[in-house]
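Here is a short note to read beside the structure. Please keep the model open as you go through the points.

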Amino acid sequence: MTSWPLTYGSVPLCLLLIVALCAGTSPPGDNLCSSAPITSCKECLRRGPQCSWCFKEDFLEEAGAGHRCDLRANLLRRGCGPEFTENSDVKVDVDTTVGSTQVSPRDIAVTLAPGSEASFVVAVKQLPRYPVDLYYLVDVSASMQENLDHLKTVGVALSLRMTEYSSDLWLGFGSFVDKPVSPYINVHPTKINNPCSDYEIRCRPAHGFHHVLSMTGNMSEFTRVIKRQRISGNMDTPEGGLDAMLQATACQRAVGWRPEAKRLLLLMTDQPSHLALDSRLAGIVIPHDGLCHLENNVYTGSTRMDHPSLGQLSDKLLENHIHSIFAVEKQQYQWYEELVRLLPGSYLGKIGFFQSPNLIDLVVDSYKSLLSDVTLSVSLDDKALSRYWTAVSPICPEGATPKELGCLGVQPNQTVYFNITIGLHSCPDHGADEDIQVMVRPVGYNESTTVRIHSKCQCSCGSTRRCHESGRSLCAGTIHGPGWEQNPHRGFVNESNWICRAEGAQVDCSGRGVCECGRCTCEHSRLGTIYGKYCESDDFSCSYRDGLLCAARGACVLGECVCEDNWTGDSCDCPVSTTTCQSPDGSLCSGRGSCVCGQCVCDNHRYSGDFCERCPACQSTCQSNWKCVDCHMSRGFKQHEAGYCNHTCDSDVVYNGDVKSGRKWIQCMYMSSDNCRYWFHTNFESGRSRLHISTRAECASRGRLVGTFLSVCALTVLCGLVVVAVSRLLLQKRGWSPGDASMDGEYNCTGKELSYIPTSNEKTVTYRRDRPPNHSMEMTVHVKMPLGEPWQ
């Protein structure tokens, strides 16, 4: 590391003088350091960068600790030597060992104290004929058909035109439409694969982003790929252009961006783009993660994540050093004009038609404009934004026009100098020192400057570490002083402080102690003892069981229970012995499970019980064993072939001539396809099902079955005749006969039948008279008499 003013020979002397360690000083007579009683070194340094603390042991003993804080000149005058003063030194160190071609320097280390500021210069040089990567990102919705045709003749002509400005031009290509979900596209099955089916045109399916061609210098290949492209279709007007831009930016390896090239991303569309939160219309609420999600060159996160925000897209363009160019039609110019203002390093081109000459002029003009516009971006960690401030002042070369954070009209081989000032408002709330990084990036350049800032918030008090604050002797080691060394990764570090911090830890003493003289003093806790080199261990941060630490069967060591003999588990609640899992027959969990923490865990969910001995599903029906019996029957009940049925049988199978009987055995029957009955018995004991099958079949012949059927039919007819005869006999016994009713007209009926018996007797009589002969006369008389009276 070398100090900036001594080594940066390429910068004019007048600019070297700009690099200064700027510390706010108080007006004469206004001593902020001693205007109020200050009793600690830390408080003194926080008063301002001009304040110093004297940690000499016998310094003004009679005056008290408050007089140890003063202007450094006052302390020296009162007898406190330079070796006994703690100062808020502000330093800027520049590493010139790393070569650079466009941005210098590449690494700067700054030490700041509260209220101080530091300035340094960053130089950006514009190089001529730089390699260029140009990625075409084209909207292939149906309205872009004619524009896509014009693009097919651009490749070779653009390559010839760009030879005036670049030594090496590579082209890539990708396409987009919109998220392939409703309501952005028609999700009818006939429309998904061919959105243009209504117009009898064959279109490709809609897609969020499809990477078609990686960067290549072969213009013939670029033209061939463009000619194969087909349009697609969607329903709403806005397209998914910003979603596709983020993928083309983040997928560095797939696209093939070259690290040494100027990177241009050209978006061609005739419609506006969806913005963040638009995806809620489709039920997509997950914010975009800003990462690459390509599988087989297709964007797979389109249906899962929202469109990216403009801030997110801007960060990705800056991070990957990409200039964006928007080629849009006149109708959409105003919409994209507002958008480009929020994307650094962007260019907006307005063309009436996407014809080849127009596209070539747009690319060339935007390339020249973007290169002549040198703008600086300063990125600070979010956690430190409230404590730091930055200011950028550009110094433009002759002929260039200054603007905010940059210059316009910069020509090749000209250099723009940026005077950058960074100040520290205050220290973190915890009061400890901190190290942060600030990235200084020229927009669109693939080189940058890293500024490593170390905030000095605490005192080291020299080699003795004794600050003599309020009569106490304190040891600390967190600021730049004796014992500090330069670390290429951390900047300035104090070796005694890092002794109190474990590898990879962010706080001293694991956050449970205080670093004193390079050694951790652990806190006292009412829960137990905290110990260890970094206070990383204790005797109470272990698992509890029933309110007892390690179940009272072990000791808590380094946050883990060390169990007594015969006990194991995270909280020492599991016995090592498997005695509690032994079944009555001596097997472990009846052979159907494993012993976990002193209890049986059954392998099959059908089994239960303390020893996996119960299986209600296994004992419930005979039907569950039919497949097993059928398999053994198909093997002819041959003992040497019984093993073939193991995959269908859950039971131990035994063949018997006669079925086994007993109180614990369940009798079952299986009817085979050839009308044979096989009897078997099953039982369940000691966690195992047993099956005894009788090999003696009971089969019925076909002739016997026919005879049985006819016999049943004849018996049914005979029973019917008997029922009819008995019914007639019962009726006669009650005194009713059809013959008797015809002779005397009387009915002997029960009370229930009276409503159906006639109550009168009717008769029709006809009289005929033949005289006089010419006037015959006939008379009909209808007579009705009570039933039972004789006719006269």
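**Notes on the model**

1. Helix H11 is followed by His-321, whose phi is positive, near 60 degrees. Helices (H or I, at least four residues) and strands (E, at least two) are DSSP runs, numbered from the N terminus.

2. This is a predicted model, in which local features need pLDDT of at least 70 and side-chain atom pairs count only at pLDDT 80 or more, while totals for chains, interfaces and linings use all residues. Residues are numbered from 1 along each chain as its sequence is written, and side-chain values use heavy atoms, with hydrogens and water left out.

3. H11 covers residues 310-319, and its buried residues are Leu-313, Ser-314, Lys-316, Leu-317 and Leu-318. Buried means under 20% relative accessible area, exposed over 50%, and partly exposed in between (1.4 Å probe, protein chains only). The cover over these residues includes helix H9 (241-250), strand E15 (322-328), strand E17 (374-380) and strand E22 (434-442).

4. An open sheet is formed by four strands in the order E6-E8-E21-E18, with antiparallel pairing. Its edge strands, E6 (103-104) and E18 (388-395), each pair on one side only. Two strands pair if DSSP finds at least two bridges between them. E18 and strand E21 (residues 415-424) run antiparallel and are joined by eight bridges. Trp-389 stands opposite Gly-423 in E21.

5. Ser-571 sits in the loop between strand E34 (567-568) and strand E35 (574-575). Ser-571 is buried, with a relative accessible area of 8%. Not counting residues up to four places away in sequence, Ser-571 touches Ser-543, Tyr-544, Arg-545, Cys-550, Ala-551 and Cys-561; contact means heavy atoms within 4.5 Å.
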